[in-house]
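Let's look at this structure together, one question at a time. Keep the sequence and the 3D view at hand as you read.

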Amino acid sequence: MVLEVKKACKNFGGLAAVSDVSFSIQKGEIFGLIGPNGAGKTTMFNLITSMFPLSSGEVIFKEENINGLKPNKITEKGICRTFQNIRLFPLMTAEENVMVGVHCRSKSGVLSSVFRTKSQRKEEEHIRSRATELLEFVGLKDFAEVSAENLAYGQQRRLEIARAMASDPNLLLLDEPAAGMNETETDDLFQLIKKIQSRGVTVLLIEHDMPLVMKLCDRIAVLNFGKKIAEGTPTEIQNNPQVIEAYLGSEEEEEYA
Amino acid sequence: MLIEQLINGLTLGSIYAIVALGFTLVFGVLGIINMAHGEIFMFGAFIGVMITSIFDAPLWVAFAAAILVTAILGYFLENFALRPLRSKQGVSHLAPLISTIGVSIFLENLSHHMFGAGNRPFEAPFAEINFQIGSITVYLVQIVIFVISILLMVALSFWLGKTKAGKALRATAENLETASLLGVDTKRIITMTVIIASAMGGIAGILVGMAFNSVNPQMGLSMGLKGLAIIILGGMGNVRGAMAGGLILGLAETFVVVYGDSGYKDAIAFLAIIVILLIRPQGLFGKKITT
Amino acid sequence: MLAEFINPYYLQIGCFVLINIILALSVFVPLSTGQLSLASAGFMGLGAYTSALLTIHFELPIIVGVIAGTLIAGLFGILIGVPTLRLQGVYLAIVTLGFGEVIRVVFVNWESLTKGSVGISGIPHIGREILKTFKEFGFNPQSLGLQNNQFIFLSIFFLLLVITVFLVWFFRRQSRSRVGRAYAAINLDEKAAESMGINITYYKVLAFTQGALLAGFAGSLYAHVLAYISPADFSYHRAVDILVFTIFGGSEVIWGPIFGAIFLTFLPEVLRFISEYRYMIYGLMIIILMAVRPQGLIDVTIINWIKSKVSKRGVKHGSRSEKSM
């Protein structure tokens with residue numbers, strides 16, 4: 001078990017964004033989190049990564065309760081994420097963005113950086129080669145020197161994945177990675193996520209592109225109005241009457257075809 | 001003796017509250033700290049001096065002139081220092097803050113050139129009138145200041161709570177985009193807010209002139225700092241917090257002068273900021289910040 | 001002959017330029033993590049008074065005073081930074097503004113120690129100390145054809161030049177490292193930086209404290225270059241001066257504040273009539289810059305343009321092809 005969410009609740013004011021949601025993710029699987037807009041999926045991500053504190057419940061990562069840790073500590077423990085509304089560092093180059101991702105796996109301080117000690121130079125070399133390797137991994141090798149804001153939309157999404165991968169996560173959280181991508185790009189993304197899985201990284205995925213989710217995920221949990229209404233394999237989910245109801249009852253119906 | 005100090009403290013505090021309200025209104029609606037508010041206040045004070053001493057005009061004319069001039073300053077502030085930044089994409093959140101610092105430096109030094117760098121006496125026509133109640137001396141000036149401040153606060157509360165424009169302002173403060181979708185002319189509301197806040201600064205300027213009988217260009221900075229301390233004390237963007245915070249600071253300063261070292265009077269505001277930030281960062285009257 | 005070219009007046013302006021560069025860096029470094037500090041004048045004053053009092057009352061060597069002044073300023077930097085950083089950015093600006101004012105109020109009122117608004121005079125002078133040391137070793141400036149006065153200012157200038165070049169080198173290297181990337185990431189998107197595993201509290205306090213140390217250091221040097229300090233030297237106007245160096249010059253690359261400090265220190269000297277209206281011009285400049293060019297005059301684009309011009313002319317620029325930051 002990599003991640004275990006137990007009875008997670010989050011209230012904003014009087015509004016319950018997430019209530020009583022539990023699920024667990026096995027090592028090495030791709031787990032999908034789906035549901036209509038406003039179902040609480042991204043809130044769930046923010047709870048797992050400690051961007052918001054839980055109102056009640058627990059998040060257990062690798063047998064350890066990670067409630068109340070700071071977001072940077074969570075990343076250090078091995079959970080890293082991407083954002084629904086891409087949050088790259090716009091003025092940095094693609095390479096620098098990925099290099100920032102290596103931050104929590106490196107340790108040079110001010111003095112070793114300024115005086116370029118031997119270990120610092122070695123580390124910096126390692127960071128750079130790690131960045132190069134990851135840029136190649138997501139297919140952005142030729143864009144290393146381009147600043148993030150000048151990349152195309154689909155490239156930015158892939159760069160975000162590379163940046164998250166740079167922190168060597170055990171669990172990677174992807175928030176709508178296929179949003180705004182065309183068919184070819186989505187196919188590439190499918191391959192990419194499969195490759196990530198084959199590297200031994202567990203993936204938790206929020207996605208609206210149903211064909212992609214059904215093709216990609218080993219198991220899926222469905223949220224609606226902050227509650228979990230179903231969990232199972234893609235086939236089980238597709239035939240679950242509650243899920244169909246939730247989607248048909250909302251504006252997302254065309255995406256479920 | 002104690003009661004006299006209490007009255008002094010309340011008089012001072014009510015002026016502070018008016019200054020702080022100017023900060024709070026702008027912060028509430030625009031989410032920025034208007035660093036030029038102290039200097040606009042100081043301009044109001046100087047206009048008061050000019051009108052009463054040079055033209056020998058009655059006090060109400062001074063008030064009208066100060067309100068007019070500071071309102072115009074507010075209009076310029078919004079049009080030249082704030083609006084150009086709002087329409088631009090990707091501007092750092094520090095840009096409006098720095099821009100208002102620019103306005104404050106400009107105004108302070110403009111007043112050096114216009115009014116001179118030193119102290120100017122401010123003579124309220126009834127400065128010497130006082131009443132003896134038992135052993136307590138109360139000056140008419142104090143009563144006038146206190147009454148004007150309270151009236152202003154009541155009027156502002158009424159306006160915000162009961163009138164259409166006030167409600168539109170509160171809606172804008174709550175959420176600018178939603179308010180604009182609901183048909184509120186947010187551009188007009190913002191301009192109006194900055195103008196009203198500035199005019200309140202102008203009124204406070206004359207009140208300070210009456211209270212201390214003198215004004216100088218440096219008072220903008222120290223009063224601005226106190227106003228900022230008060231809104232941190234009372235909670236950012238909180239109208240009632242600004243009023244209560246002003247009174248608390250006024251009383252605290254008065255008692256430090258009486259029982260402590262008057263030289264450190266101006267340090268109290270800063271001390272209050274630090275203490276509040278350490279123990280109750282949302283301010284005395286602010287809601288707990290949830291992120 | 002050499003002597004004719006060395007005008008102590010110009011050297012003194014040169015010294016101010018160098019001190020101002022250090023001060024500009026003291027705003028630039030915290031700003032490179034998105035923190036606006038208005039306390040540079042306060043930290044500068046802390047450094048200056050600490051060093052001046054220690055060297056006068058305890059007859060400590062200047063270098064000990066300067067180090068102590070720098071560290072005291074840094075300590076206050078931590079004390080101010082830690083409680084403030086938990087909150088939104090605007091709080092920091094307010095607190096630092098207030099802090100600067102309080103420091104000044106304390107200098108004015110603590111008369112037994114600071115001599116109040118009269119200020120402290122007779123502070124040991126770096127140049128004269130250097131001259132004394134040289135003379136002890138049997139060196140006489142006349143042997144270079146220099147008067148004592150010229151030697152004094154020349155030695156200060158070169159000392160400050162070495163220090164400033166070192167500091168610029170230091171912070172340029174820092175900005176091209178893991179620490180610099182963390183700073184830049186925090187500046188560009190705090191939340192994203194935090195989710196990438198960067199301890200934002202640590203780095204923000206670090207940057208703020210570095211700023212305080214720089215200002216304290218510059219202040220200590222200032223005291224021993226002028227040999228006289230008073231609370232007026234560390235007023236709000238000084239804070240504005242320092243802020244304008246960076247805002248005007250540019251806050252994206254380290255060359256911005258350096259350019260700002262040099263240009264704006266010379267400007268009032270060259271154009272005398274300007275100095276009377278200096279702060280009005282500064283005020284207008286800030287307003288216009290924020291509306292038109294919020295990143296300041298010198299930005300990454302300009303630096304890259306200059307670099308491309310330089311490399312086109314075939315000047316070998318070393319084998320490194322690092323980026324402008």
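Q: How far apart are the end C-alpha atoms of residues 189-212 of chain B?
A: In this predicted model, local features need pLDDT of at least 70, side-chain atom pairs count only at pLDDT 80 or more, and totals for chains, interfaces and linings use all residues. Residues are numbered from 1 along each chain as its sequence is written, while chains are lettered from A and ligands numbered from 1 in the order in which they are written. The unreviewed UniProt entry annotates residues 189-212 of chain B as "transmembrane region"; such annotations use the numbering given here, with shortened feature names, and may be inferred rather than shown by experiment. The span is 100% helix and 0% strand, and its end C-alpha atoms are apart by 34 Å.

Q: Which residue of strand 3 of chain B is the bridge partner of Gln132(B)?
A: Helices (H or I, at least four residues) and strands (E, at least two) are DSSP runs, numbered from the N terminus. Strands pair if DSSP finds at least two bridges between them; here strand 2 (residues 130-133) and strand 3 (residues 136-139) of chain B run antiparallel, joined by 4 bridges. In strand 3, the partner of Gln132(B) is Thr137(B).

Q: Which residue in the hairpin of strands 2 and 3 of chain B takes a positive phi?
A: The hairpin has 2 residues between its strands. The positive phi, near 65 degrees, belongs to Gly134(B).

Q: Which helix gives the largest share of the side of chain B that touches chain C?
A: Residues are in contact if their C-beta atoms, placed from the backbone, lie within 7 Å. The contact takes 36 residues from chain B and 31 residues from chain C. The largest share of chain B's side, 11 residues, comes from helix 4 of chain B.

Methods:
Contact = placed C-beta atoms within 7 Å.
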